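Here's a quick walk through the model, from one residue up to the whole chain. Have the viewer open and follow along.

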Amino acid sequence: MTAAREKELRLALVCYGGISLAVYMHGITKEIWHLACASRGARDGDAPLGGSQGVYRALLDAVRESEGLHLRVLVDIVSGASAGGINAVFLAQAIATGQSLDPLTALWMEYADVDALIDPAQGPQHRFAKMWATPIAWMVANRSKSIDETVEAGAREEVRLKLERFVRSRWFEPPFGGKRLLNTLLDAFAAMARGPSGKRLLPAGQPLDLFITVTDFRGHPEVLRLNSPPEVTENEHRLVFGFSDHGAAGESFAEPADLAFAARATSSFPGAFPPFTVAEMDELLAERGDAWPSRDSFLAHALPQQWADNGAEKAVLIDGSVLANAPFRPAMEALRERPARRQVDRRFVFIDPFPSFRFDFYGSPQGTPGFFETIIGSLSELPREQPIRDNLEAIAERSARIERMLAIVAEIRAEVETQVEALFGYTLWLDYPTPKRLATWRRRAQIAAAAKAGYGHTAYGLLKVEGAIERTARLLYAIADSRGPERLREIRDAIAHVVQARGADRFGATISNGAAPQTLEFLRAHDLGFRIRRLRLLARRLTEIDLPASHAELMPMREAIYESLAAYLELKRSDTFADLRDEVRQMTDDAGPLLDRVAGRMNLKALDAATDVRLSEGFSQLSRELRRPMLLAHLGFPFFDIATLPLLQGEGLDEFDPIRVDRIAPDDASSIRSGGAEATLKGIQFNSFGAFFSRAYRENDYLWGRLHGAERLIDITLSTLPPEARPDAARTAAIKRDAFLAILDEEEPRLAAIPGLFAELRSEIG
């Protein structure tokens with residue numbers, strides 16, 4: 001039996017806002033959690049469980065048995081806004097702690113309800129209050145689909161009464177209580193902590209990053225650099241609350257109070273909930289008798305400008321979806337510090353609960369919008385519903401650059417291999433590649449590549465220096481936990497000044513070895529990107545020549561590559577240098593001493609030597625037929641890098657593979673029922689507030705969320721396999737059917753308000 005390969009399907013999850021469709025998204029994130037649990041169980045050899053988790057485990061086991069592939073599914077980046085932000089927060093907590101999401105389901109069913117959310121001070125004080133508003137409630141109900149058409153008979157009276165109560169609440173005041181929501185969020189974290197708990201769902205060393213968007217209502221000043229005048233001040237309203245556990249053993253992800261703060265702030269839907277303030281958090285924690293030991297450090301990190309100006313307590317925070325309903329950008333930026341220990345299939349998965357949603361106040365889509373429709377639309381829906389084309393185009397461009405780079409490498413491989421063979425001769429393949437020989441051969445290949453490149457090597461060299469400066473500046477910026485582009489520019493300028501003053505940016509054909517000694521010394525001490533790119537190219541080449549019969553023989557080489565790569569990638573992570581934080585914050589215009597400190601801490605010379613030992617051992621265990629292409633790739637890297645680095649825009653890209661994007665939405669999951677959200681979800685009623693009016697609505701949407709999530713996750717998992725290795729349509733349908741029925745069996749005993757839906761679904765599934 002041949003050894004199995006390993007591959008990671010890494011999911012970066014982006015959760016849209018959706019008001020009461022948060023319950024539907026909870027069903028989807030519940031399935032994502034089940035898939036991650038199944039993957040962890042397969043990795044650790046745990047006994048398979050039942051439910052949909054058991055179906056996912058069987059799928060992963062089948063892939064291993066039929067394709068010789070250990071496929072690991074990891075969720076390592078999560079971002080969200082508004083209702084999606086709440087779900088992102090709780091999913092991240094479950095991944096980081098191993099806690100169960102099941103207690104959260106009960107809380108959604110019980111407390112995501114108009115009667116639980118309405119602030120007592122805003123509700124009708126007696127049954128005659130605003131009686132004249134009751135006909136308006138009837139009108140709202142009739143304007144949407146009839147309650148008789150959309151609600152099961154047993155729940156119709158509940159919806160009518162709650163809708164009437166909602167409309168009769170005090171006008172011109174947010175009807176829902178901010179403290180009530182915040183209290184529910186804190187209760188949810190407490191319930192998860194009391195519930196069953198397992199292992200962290202990510203392997204050691206794999207960081208989990210969470211990003212939650214928030215809107216700073218009043219804004220905070222940011223300095224912009226211009227030609228004239230030199231500086232201007234702009235009011236910035238976008239905030240991103242970031243959390244990470246850095247993958248370190250035993251490190252806490254975040255305090256529940258910190259996460260509840262982010263969830264409450266991002267979901268302050270204008271008009272429904274009051275804006276959120278630090279005072280609200282302080283008051284409620286005092287009422288509950290809960291401590292908040294991380295208060296000051298959290299506020300300094302989340303609201304840096306306001307904290308620096310002693311104004312964090314005065315900040316007014318509203319819904320994160322007002323300006324960023326689809327927070328792709330922070331998730332994309334998190335790719336900078338991803339470790340890699342095996343082949344990676346990176347996906348961005350976004351959850352859009354209602355792709356065709358439009359507020360009802362727009363009027364007829366055929367007519368010209370009127371005065372108030374134009375104003376209201378421009379102020380409310382247009383900013384938050386701006387399409388994600390810009391984000392997707394950025395991801396597509398990144399992937400296209402990688403694909404072009406890989407195509408160039410494939411096109412010039414024969415010529416590069418000819419150059420390497422001419423340089424070393426045929427005897428190279430007969431020699432034992434000791435660490436000393438590897439280092440000597442590598443230096444010789446680099447000198448030859450520089451000579452062959454001619455004047456183009458100067459441009460390449462300057463690009464490498466610029467990449468090292470940029471990487472170091474971003475590292476120091478992250479170490480100091482700085483905020484704002486102006487501080488990053490200051491750090492970058494200070495480092496660049498030191499490099500120039502030391503003459504470490506001098507290249508030219510007239511200089512021995514193509515570069516000044518100071519330049520070579522700087523690159524040897526700081527050019528981390530060059531080492532990472534070399535190992536990634538070697539890993540790519542190994543994957544290309546890997547066949548089932550050669551898995552076992554290539555395994556030591558694979559382990560040597562990824563173990564070495566992980567050591568270099570550790571040096572890109574700011575937490576590796578956390579003890580330098582005070583020095584970085586105190587850095588003046590003279591960045592020289594700190595630059596030398598970072599170089600000493602990285603100690604790339606020692607790391608290179610350790611890497612040569614690992615690679616030497618890996619090469620030595622390969623047959624001549626497999627050793628030849630791997631050595632040619634390793635020694636030919638300088639030739640490849642000179643040709644491709646300009647395309648990669650400087651230091652290059654961390655995850656050395658194209659990114660693919662997948663969506664989970666009702667429109668994309670039609671195995672059971674077609675028609676999208678209109679045919680399946682009840683929460684879309686009343687401008688997406690519908691699920692707040694009935695437990696039956698919430699149970700309906702939660703169940704469909706699980707079913708849609710299961711269908712799309714099976715599609716995404718199977719898409720990681722080569723087309724010829726994927727199961728046929730009949731087998732795929734059978735896997736989905738097993739998952740659907742498992743979910744129904746799990747949920748039917750506890751979702752008592754929708755018995756008719758279970759009967760319908762079992763009939764439709766067959």
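Aspartate 641 sits in helix H27 (residues 624-644); helices here are DSSP runs of H or I with at least four residues, strands are runs of E with at least two, and both are numbered from the N terminus. Aspartate 641 is buried, its relative accessible area being 1%. Buried means under 20% relative accessible area, exposed over 50%, and partly exposed in between (1.4 Å probe, protein chains only). Setting aside neighbours within four places in sequence, aspartate 641 is in contact with Tyr460, Lys464, Phe530, Arg533 and Pro646, where contact means heavy atoms within 4.5 Å.

A note on the source: this is a predicted model, with local features needing pLDDT of at least 70 and side-chain atom pairs pLDDT 80 or more, while totals for chains, interfaces and linings use all residues. Residues are numbered from 1 along each chain as its sequence is written, and side-chain values use heavy atoms, leaving out hydrogens and water.

Now for strand S1 (residues 5-15): 9 of its 11 residues are buried, so S1 is largely enclosed by the rest of the structure. Its pairings are below; two strands pair if DSSP finds at least two bridges between them.

| Partner of S1 | Sense | Bridges |
|---|---|---|
| S2 (residues 69-80) | parallel | 11 bridges |
| S6 (residues 343-351) | parallel | 9 bridges |

Glutamate 6 has histidine 70 in S2 as its bridge partner, and leucine 13 stands opposite valine 349 in S6.

Zooming out, the chain has 32 helices and 7 strands, and 56% of its 766 residues are buried.
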